[in-house]
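Hi there,

Here is the structure I promised to hand over. Have a look at it first, and then read on for what I found in it.

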Amino acid sequence: MATSRRLVNWMLGTSVGALLVSTFYPVARFISPPDIPEASTNQVEAGPTNDPELLERGFKIIRFGNEPVILVRVSDSDFRAFAGTCTHLDCIVEFQKDEERLWCNCHNGEYSLQGEVVAGPPPHALEPFKVDLVSKGSGQPQTIVVSRV
Amino acid sequence: MKAAVNSIRDWLNERLPMQEAADFASHKTVPVHRLTVVYYFGGMTLFFFIVQVITGILLMLYYRPSAEAAFESVEFIMTAVPFGWLIRSVHSWSANLMVFFAFVHLATVYFTKAYRSPREITWISGCFLLFLALGFGFSGYLLPWNQLAFFATRVGTDIAGAVPFVGEWALRFLRGGDRVTGGTLSRFYGWHVAILPLMTTAFLGLHLLLVQLQGMSVPPGEEETAKQRRPMKFFPNFMLRDLWGWILALGVLAAMAALFPWELGEKADPFAPAFADIRPEWYFMFMFETLKLVPGGEIAGIEYEAIPILLFSLGGLLLLLVPFLDRGVERTGRSPIFDIIGVVALIYIVGMTSWGYRSLAPVYIVLATGALMAILSVGTRRWARVNK
């Protein structure tokens, strides 16, 4: 008697557990967003060297796949590119021409023109990208090509 | 006519405990003493919450929650929909005033020790309501999909990501992916209009039920005065005073919304630098400003920025547990340590908020609120003397 009752209890108990698990497991999984693989970008054309935005502000933010990359015009022939996302809390940095620095407005993070942290809260340097200037024929401005190091 | 009313009343009486409810309401009283004014702040918060529900439902008729359409739909509400600018401004202003009065309510309940037994559950449900209000603020901030909100959300969700162990999951859960995108907007919208309202309804129901059942707490030190004075009838005396406050609040709200319409800003661009003055809503400012002061680096694999985040979380937990931590007040009616902690927390929050805005306005607002309370308490004291 006792054994059969225990068996019934066990079956009822576990079936309630199974019911709960089978109800809430899909819900728990549903609310965690799926991993969506992104096509990896290795190289992006960032326009001509005489881009008015670059000449005026000294920088522009380019789309590198889904990531922002900051392209800085240090001089006529010196262009540099870094990951545009501040390593502190995910804001997008800017280049300040007068101060010759990369700067994040959110929490006053300061980086050198090598991408190293100079001051403020960022924990790591900005990841550098490779910049190449490609000729498009004589008389034409060179094209800036940014690629992963 | 009268017979018809009576027969309807009798019909209802047979089916619902109408008479019991009326008896309960007629016997309910509010204690009168020097600090009676603090009893109005919870009701004031409730008023702004009701305004939020109504204006929020109205905004839902036009708002479109997607990265492509959200900003434009708010722009449409502000420019093309008749009185759209008013409804949206009232929603924004009322949200801020609701959080402000929730904080005032929290502070007055804390300093008058109204969390004492048997009101622990009221306190805890109130804390959860405050956290929910902050959740409403955080999720609602993103919905217009402008630059300010976009970056504030990137920062806010990244902060969640800095929490050790669960951070990465929390970040993806909040954002609905790795980045702040239209997916995040859908998620925040869901929280803002469905999940948080559902939870708030539950906690608010519990909170109000407990207040009705247990009545108002008399602060320690005021028991003598409260005993000497005849308590105020809740219905209609206290309720009419409450309504008077609500009408005043409605006037202030309409004036604010009309004179200072809420700005919309620029549409969010995930590929533009964060501009200066990226900031969260004012009630997150003290935490945001604290994060600016923490230097970069990590210790034992935990980034320094996680430390203040954990401390703030601990602060929230301690706030919840105050009724159980403050044992002294039950025995002696006094708990000076908790007074000091409260004052220090208040100074820190107001000070950091002021520092964040590089403005003394927050200090003035807190001082003005204190002065207003003092004036109102003198008013109620005079009233109590006349009615003795």
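Before the order of elements makes sense, one definition: helices (H or I, at least four residues) and strands (E, at least two) are DSSP runs, numbered from the N terminus. Please also keep in mind that this is a predicted model.

**Chain A**

With that in hand, chain A comes out with two helices and ten strands. Read from the N terminus on, its elements go α-β-α-β-β-β-β-β-β-β-β-β.

Chain A has a radius of gyration of 27 Å, whereas a compact globule of 149 residues would be near 15 Å. The C-alpha trace of chain A spans about 95 × 40 × 20 Å along its principal axes. Of the 149 residues in chain A, 30% are buried. Looking at contacts in chain A with a separation of 6 or more, 38% are between residues 24 or more positions apart.

One backbone detail in this chain deserves a look. Asp90(A) is not a glycine, yet its phi is positive, at about 80 degrees. You will find Asp90(A) in the loop between β4 (79-83) and β5 (94-96) of chain A. Is Asp90(A) buried or exposed? The cut-off for buried is 20 or more other C-beta atoms within 10 Å. Asp90(A) has 22 of them within 10 Å, so it is buried.

**Where the chains meet**

On the chain A side, 23 residues are in contact with 27 residues of chain B. The chain A residues that touch chain B divide into 14 nonpolar, six polar and three charged.

**Chain B: a helix pair**

The crossing of α5(B) past α11(B) is right-handed.

Which residues meet there? From α5(B) come Leu86(B), Ser89(B), Val90(B), Trp93(B), Ser94(B) and Leu97(B), and from α11(B) come Leu253(B), Met256(B) and Ala257(B). The residues of this contact divide into seven nonpolar, two polar and no charged.

**Chain B: backbone points to check**

Two cis peptide bonds are worth a click. One joins Ser117(B) and Pro118(B), with omega about 5 degrees, and Pro118(B) lies in the loop between α5 and α6 (120-142) of chain B. Another joins Phe235(B) and Pro236(B), where omega is about 10 degrees.

Pro236(B) sits in helix α11 of chain B. A residue counts as exposed with 12 or fewer other C-beta atoms within 10 Å; Pro236(B) has 11, so it is exposed. Although Pro236(B) and Ser26(B) are 210 residues apart along the chain, their C-alpha atoms are separated by 8.5 Å.

Finally, Trp145(B) has a positive phi of about 55 degrees, and it is not a glycine. Trp145(B) belongs to the loop between α6 and α7 (147-161) of chain B. Because 26 C-beta neighbours lie inside 10 Å, Trp145(B) counts as buried.

Technical notes:
Residues numbered from 1 in each chain as written. Chains lettered and ligands numbered in written order. Predicted model: local features only at pLDDT ≥ 70, side-chain atom pairs only at ≥ 80, totals over all residues. Contact = placed C-beta atoms within 7 Å. Nonpolar A, V, L, I, M, F, W, Y, C, P; charged D, E, K, R; others polar. Rg over C-alpha atoms; globule rule 2.2 N^0.38 Å. Left-handed = near helix turned anticlockwise from the far one by under 90°.
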